[in-house]
Amino acid sequence: MRGCWAVGTAGPGSAGATTLAMAAAAAGGGAVIEAGADGGVLAARCALSLHAGAPGLDSLVAAAASGPVHVLDHTQRSAAEVPVVVAAATEETIAGALRSLATCLPGLRTQAEVEVPLFLDVGRVRQNTAAILGPCDGLLLVTGASREALACALVRLPGLFLWTPRIVLAVHGPGPYALADVRRLVAERIGAAAVPVVAIPDDPYGAVALVEGTRRRRPSALLRAAGQVLDCCAAVDTDGLVSEGAR
């Protein structure tokens, strides 16, 4: 898969989005760009650098303002060799870089078609995320499998199509509903929309391996699920995705 996808959550808590962004990048040979309004976490989680002069979101948007850039020149690698464009850790320090990212993202998205897939970890999707979602190919919306989390995702789904043409719903962890029931609920909420629904297992060891580079004989359950998510992203058709009644 090539292109640029945002990865975010419908409600509070963005850990699931960050983990899926890392897993998708690992499975698809891509890079993660931290782009959440609350600030980045991967520098701390993966022992990467936020020091002045280190590659990251600030250096990426500064270079993009002067012309074409290679995203990989502004990444650091986790112990598992996942390229990450790290961002400042607080809302106040990341705000300016996110505004610049929204401006340069169309060019980065075009580059991602030929160089490396990009996965933007946008954290909780909110109004000020719209400028970032617009240039992306689509949104990977991560939700917990609890009744409360699913209810939040279902309420927000129709409105999110105002910002992005494609959505893939990733349901994380165990819950009271079978995946077929979640697909039915999504179809009832969106009408004629085709929103793929994929299960993401609760795989803490697989998540730790993405950070620490733990060697395993076979791909983790998390990486296998991420591969299925990428297949859904590649298969989603933008034409006729949402019924007129859901727009």
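This is a predicted model: local features need pLDDT of at least 70, side-chain atom pairs count only at pLDDT 80 or more; totals for chains, interfaces and linings use all residues.

Reader: How do you know that the length of helix α7 agrees with its number of residues?

Author: Helix α7 runs over residues 179–190 and has 12 residues, so at 1.5 Å a residue it should span 16 Å. The C-alpha atoms at its ends are 16 Å apart, and the two values therefore agree.

Reader: Which residues of α7 are buried, and what puts them on the same side of the helix?

Author: The buried residues of α7 are Val-182, Val-186 and Ile-190. They cover an arc of only 55 degrees around the axis, which puts them on the same side of α7. Ala-180 and Glu-188, on the other side of α7, are exposed.

Reader: What do the buried residues of α7 pack against, and what follows just after the helix?

Author: Their packing partners are α6 (147–160), β7 (167–172) and β8 (197–200). Just after α7 comes Gly-191, with a positive phi of about 85 degrees.

Reader: Why is Thr-75 called buried, and where is its place?

Author: Thr-75 has a relative accessible area of 13%. The term buried applies under 20%, and Thr-75 is therefore buried. Its place is in the loop between α3 (57–64) and β3 (76–77).

Reader: What surrounds the side chain of Thr-75, and which residues is Thr-75 in contact with?

Author: A polar atom of the Thr-75 side chain lies 2.9 Å from the backbone oxygen of Leu-72. The cut-off for a polar contact is 3.5 Å. Neighbours within four places in sequence left aside, Thr-75 is in contact with Ala-31, Pro-55, Pro-83, Val-84 and Val-85.

Reader: How much space lies in the largest pocket, and what lines the pocket?

Author: The largest pocket holds about 260 Å³ of space. Its lining has 15 residues, and Ala-80, Ala-209, Gly-213, Thr-214 and Leu-223 lie nearest the centre. Helix α8 (residues 204–212) gives the most to this lining, with 3 residues.

Terms used. Residues are numbered from 1 along each chain as its sequence is written. Side-chain values use heavy atoms; hydrogens and water are left out. Helices (H or I, at least four residues) and strands (E, at least two) are DSSP runs, numbered from the N terminus. The expected span of a helix is 1.5 Å times one less than its number of residues. Buried means under 20% relative accessible area, exposed over 50%, partly exposed in between (1.4 Å probe, protein chains only). The arc is that of the directions from the helix axis to the C-beta atoms. Contact means heavy atoms within 4.5 Å. A polar contact is a pair of N or O atoms within 3.5 Å; within protein, one must be able to donate a hydrogen and the other to accept it, and residues adjacent in sequence count only if both atoms are side-chain atoms. On a 1 Å grid over the protein atoms alone, a cavity is a set of points where a 1.4 Å probe fits but cannot get out, and a pocket is an open set with protein on both sides within 12 Å along at least five of seven lines; lining residues have an atom within 4 Å of a point. Grid points are joined across faces, edges and corners, and a volume is the space filled by probe spheres set on the points.
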